[in-house]
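Colleague: I am new to reading structures. Please take me through some features, one at a time.

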Amino acid sequence: MTVADVIQTVVTFGLGCFFANFVVLKMIWGIIRNPSKAFSKKDRSVPPSCLNDPSLGTHNYIQLKNIRLHYVANGDENKPLMLFVHGFPEFWYSWRYQLKEFSKDYRCVAIDQRGYNDSDKPSGMMNYKVAMMVEDLRQLIPALGYKSCVLVGHDWGGAICWAFATAHKEMVDKLIVMNCPHRAAFAKYLRSNKSQFLKSWYMYFFQLPWLPEFYWSMNDFEVLAWALKGEEMGVKSGRFTEEDLEAYKHAFSKPGASTSAINYYRAAMKTFNRDKRLVEVPARLIWGCKDGALDTGLADATKAFVKDLTISYIPEASHWVMMDEPEKVNKYMRQFLNQK
């Protein structure tokens, strides 16, 4: 670690403490207003019925070298593989519309990333470095019986897909990423853009121990519901039903799930990414422009790090673009997949 890295670590933690002041005030106000609700949690031992919808596929587990992953698969095993990688705070269910749509032409597999829902949740922040999730994908594809795949990622899943396509381009036929810039593009953009810095406040707050998990779970995971509906970011999303929200709360009610998910951010801030190699596989970036967490300018900034990139903007969609506007997302995906 260089002197610059040490300084960055100290500054990052200091910013986390700064933003924590506002969060703590909000927490205290919530406790004062309704102390019984602030610490309430619903029993979610039984999953909502939407998670067992047979039209979405079948539930499976696969044991890799050091971790067991849960996934849902739909479509003929003899078809090409389309692998879906979700982001934060999500799990396989975020791809429900795509699992149905593309199962006619592909073997669609939507994983729970390590730390999420029914996949293993190894303890320790450094088990959630990007390199660890990249290695999970490298082992997973042949374990499923394939040499390569169409790789689809959103949010944190997109960051991992960018990294995977750089490190293992021979295993990616085509790459589709949604509302996630290349990591190098994000780092450069963040340093010079005040708007993105303010939107990224939670990334700094997540560097603190235990407090983010406590805040996340208060009021029966109310912040989780706000994030999905866009209320925490000031941009509303209209596609989440109450049953959908229950599904996400069910996934995050599992022991260790909140800490594992937040550890993605903790590890990212402590493993300094200097990989600026071009992504050489054909890629399409689909971007919901009403993203409360990421500036739309990040999409264009990603062009500098991808050799062959097409960007499709969906002005009316939020960060959860594949759930807000599944018909348009699926159309852009098909157009890209049909290109020679």
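Here is a short talk about rings, charges, the core and some contacts.

Modeller: This is a predicted model, where local features need pLDDT of at least 70, side-chain atom pairs count only at pLDDT 80 or more, and totals for chains, interfaces and linings use all residues. Residues are numbered from 1 along each chain as its sequence is written, and side-chain values use heavy atoms, with hydrogens and water left out.

Colleague: How many aromatic pairs does a search of the whole structure find?

Modeller: Rings of Phe, Tyr and Trp (its six-membered ring) pair if their centres lie within 6.5 Å; planes under 30 degrees apart are stacked, over 60 edge-to-face, and the rest tilted. The search finds 31 pairs here. In one of them, the ring centres of phenylalanine 19 and phenylalanine 197 are 6.2 Å apart and the planes are at 50°, so this pair is tilted.

Colleague: Which parts does that pair tie together?

Modeller: Helices (H or I, at least four residues) and strands (E, at least two) are DSSP runs, numbered from the N terminus. Phenylalanine 19 lies in helix 1 (residues 3-33) and phenylalanine 197 in helix 7 (residues 194-199), so the pair ties together parts 178 residues apart in sequence.

Colleague: Is phenylalanine 19 buried or exposed?

Modeller: Buried means under 20% relative accessible area, exposed over 50%, and partly exposed in between (1.4 Å probe, protein chains only). Phenylalanine 19 is buried, at 9%. Phenylalanine 197 is partly exposed, at 24%.

Colleague: Where does the charged end of arginine 68 sit?

Modeller: A charge sits over a ring if NZ of Lys or CZ of Arg is within 6 Å of the ring centre and within 35 degrees of the ring normal. Arginine 68 has its charged end over the ring of tyrosine 61, 4.0 Å from the centre. Arginine 239 does this with tyrosine 97, at 5.7 Å.

Colleague: Which residues of the largest nonpolar core touch the most other members?

Modeller: A nonpolar core is a set of buried Ala, Val, Leu, Ile, Met, Phe, Trp, Tyr and Cys residues joined through side-chain atoms within 4.5 Å. This core has 113 residues, and those touching the most other members include Met82, Leu83 and Trp162. Helix 9 (residues 211-229) gives the most to the core, with 9 residues.

Colleague: What is threonine 166 in contact with, leaving aside its neighbours within four places in sequence?

Modeller: Contact means heavy atoms within 4.5 Å. Threonine 166, in helix 5 (residues 156-167), is in contact with Asp275, Arg277, Leu278 and Val279. Threonine 166 is buried, at 13% relative accessibility.
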